[in-house]
Amino acid sequence: MSKDLSYQAVMARKNEIMKKAVGIDYSVFETGRIAFDYERMMRETGYSLQEIQRIQSSVGVGNTPLIELKNLTKLARKLAPKGKGARIFIKDEACNPSGSFKDRRASVSVYHAEKLGFKGVVAATSGNYGAAVASQAAMRNLKAIIVQECYDSRKIGQPEILEKQRKCECLGAEVIQLSVGPELFYMFLRVLEETGYFNASLYSPFGIAGVETLGYEIAMQCREKIGKDPDVVVVTHAGGGNVTGTARGLIKAGALDTKVYGASVDLSGLHMASDYDFNRKSFTTGHTGFGIPFATWPDRSDVPRSAARPLRYLDRYFTVKQGEVFYITEALAQLEGIERGPAGNTSLTAAFALAMEMDEDQVIVVQETEYTGVGKHHLSQLSFARKNGIDIRFGNPDEEVAGKNIILPEDPRLIKAREVDLNKLRRSYIKNCIDNYKVDYVTLEDVEFLAEDTKTDKEFVLSVLEQLNVKVE
Amino acid sequence: MKAKKGDWVQIHEVVLQPHERTANIPEDTKNVPLEMWVKGFLNHDANIGDTVEITTLTGRVVKGKLVEVNPTYTYGFGEFVPEILQIGITLRNILKEGDGRE
């Protein structure tokens with residue numbers, strides 16, 4: 001008998017489909033009404049750092065160069081007050097086989113899928129992760145299907161997404177292209193059910209543990225090159241896995257004083273599920289449209305308990321404007337001779353602004369780059385934006401309104417890292433926990449969990465719970 | 001245009017009609033269907049616009065309307081955006097100031 005493929009019927013089978021496709025029973029980690037044992041989940045379902053290093057080195061992933069950006073540092077010092085201008089380093093993750101740090105995540109997921117005997121892997125992503133899964137699946141002779149949100153209702157797509165589709169296909173994957181909408185998840189479930197393949201989720205313990213090597217390598221390379229740990233590591237933040245994995249790797253390396261800052265492109269005002277807005281943005285990842293919702297509700301992902309929990313690790317969080325990131329992408333090419341994709345340079349943009357506020361003897365590390373080429377290039381994106389009626393001009397980036405204009409800074413001093421109030425996001429996360437789990441009281445265990453999950457303390461959590469009229473029993 | 005069995009093609013299918021879409025989406029999205037495009041080898045001769053059956057690279061059999069034979073990648077760098085050119089010139093001038101270099 002064939003299964004009911006209606007939207008409601010497939011969504012109702014979600015838990016059953018997911019359990020088969022990820023091979024993890026998340027219920028064993030639940031400890032409270034809200035709480036679950038995160039570290040136990042990471043320990044028991046993931047791999048150790050040493051195992052991951054071995055897996056990644058066998059497929060040419062990781063050990064990417066850490067490059068000092070001498071001219072951008074020099075520029076920052078020329079523009080900053082005397083004595084300011086931290087040394088800027090960049091981890092050239094574009095050197096991974098498929099061209100981004102996402103190979104680290106895919107390498108562990110696909111290894112695990114092969115070990116469990118799956119014939120293929122499926123990933124729902126319009127980002128670099130698709131190419132990473134396709135590449136790793138090719139190396140391990142597994143089949144790969146990538147489900148992409150690709151076009152608006154006119155069948156017009158961002159050049160960046162269309163390039164990612166080509167890359168997946170050229171690495172041997174099948175790509176299912178969809179129009180705008182969150183029901184992509186429904187198609188994803190249908191494909192998992194139909195094929196019986198492994199869900200190479202970005203948010204499983206494997207996907208996050210794979211990024212730990214990135215943070216670990218940064219600490220080791222800094223010690224080797226400059227004899228100390230970096231003062232700050234800036235991470236482009238979208239779904240939270242990049243922040244989480246990198247921070248965990250830094251901790252595993254013992255770099256406990258290194259601060260972890262997140263950075264996202266400011267796309268406020270654009271609705272991520274809007275057919276009209278879809279092609280009015282010039283960044284398809286690394287933006288606030290993912291960054292904020294995934295920080296305030298990480299368990300919105302495609303697994304019951306996301307291993308990516310950014311508020312657990314972020315020390316500060318900043319936004320930058322689209323025009324600033326395009327400007328810095330061009331600056332990286334012109335001043336450093338390194339041409340890379342714009343989305344990956346979100347954290348570099350924030351780092352450049354922050355370096356001007358930090359002391360000269362401090363070190364700030366940008367933890368990724370991504371490959372570039374036709375489609376995934378600031379020229380493609382700006383040209384596409386102009387064609388879609390977006391006003392592109394030099395001016396003050398503070399006046400940029402996502403979807404209406406892109407303002408390239410008329411002076412590099414105007415590039416800013418605009419701080420987001422993390423306490424506001426933390427409060428919002430706690431409120432979402434209460435709302436989504438529909439609880440009217442919580443346990444002490446929940447309070448402790450929420451303190452850890454927000455990098456705060458019991459007092460902070462209790463004060464938020466009091467405002468929400470939630471009792472502790 | 002006639003397509004032959006075994007040709008590499010792209011097909012199109014409406015996955016969800018507007019009324020079947022989820023509730024929590026903006027109006028503009030709710031007013032249009034959720035559409036899907038898939039590529040594969042055509043299982044039988046057909047014309048563009050026909051409902052056809054294909055076999056994808058992973059061996060899945062999918063039905064939909066035939067839209068293109070040998071689907072082509074058409075995106076590019078687009079029209080040149082001359083503003084970009086100014087960035088390197090400006091920044092090099094700032095770096096050069098006080099260096100005594102041309």
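This is a predicted model: local features need pLDDT of at least 70, side-chain atom pairs count only at pLDDT 80 or more; totals for chains, interfaces and linings use all residues.

**The sheet in chain A**

Modeller: Zooming out, the pair belongs to an open sheet of seven strands in chain A, ordered β1-β2-β10-β7-β8-β9-β13, and the pairing is mixed. At the edges you'll find β1 (66–68) and β13 (418–420) of chain A; each has a single partner strand, so one side of each has no neighbour in the sheet. On average, neighbouring strands here are turned by 30° against each other, ignoring direction.

Now for a helix on that sheet. α14 (residues 346–355) of chain A lies across β2 (87–91), β7 (232–236), β8, β9 and β10 (363–366) of chain A, and runs at about 145° to β7(A).

As for annotation, an unreviewed UniProt entry places "domain: Tryptophan synthase beta chain-like PALP" at residues 60–366 of chain A. Over that stretch the chain is 42% helix and 17% strand, with its end C-alpha atoms 21 Å apart.

Chain A also meets chain B, in a contact that takes 50 residues from chain A and 33 residues from chain B. On the chain A side, α15(A) gives the largest share, eight residues. By class, that side has 23 nonpolar, 15 polar and 12 charged residues. There's strand pairing between the chains too: β5(A) and β3 (residues 34–42) of chain B are antiparallel over two bridges, with B:Trp37 as the bridge partner of A:Gln177.

Conventions
Residues are numbered from 1 along each chain as its sequence is written. Chains are lettered from A and ligands numbered from 1 in the order in which they are written. Two strands pair if DSSP finds at least two bridges between them. Helices (H or I, at least four residues) and strands (E, at least two) are DSSP runs, numbered from the N terminus. Axes are lines fitted to C-alpha atoms, for helices over the stretch in contact, and angles run from 0 to 180 degrees between N-to-C directions. Two residues are in contact if their C-beta atoms, placed from the backbone, lie within 7 Å. UniProt positions are given in the numbering used here, feature names are shortened, and annotations may be inferred rather than shown by experiment. Ala, Val, Leu, Ile, Met, Phe, Trp, Tyr, Cys and Pro count as nonpolar, Asp, Glu, Lys and Arg as charged, and the others, Gly among them, as polar.
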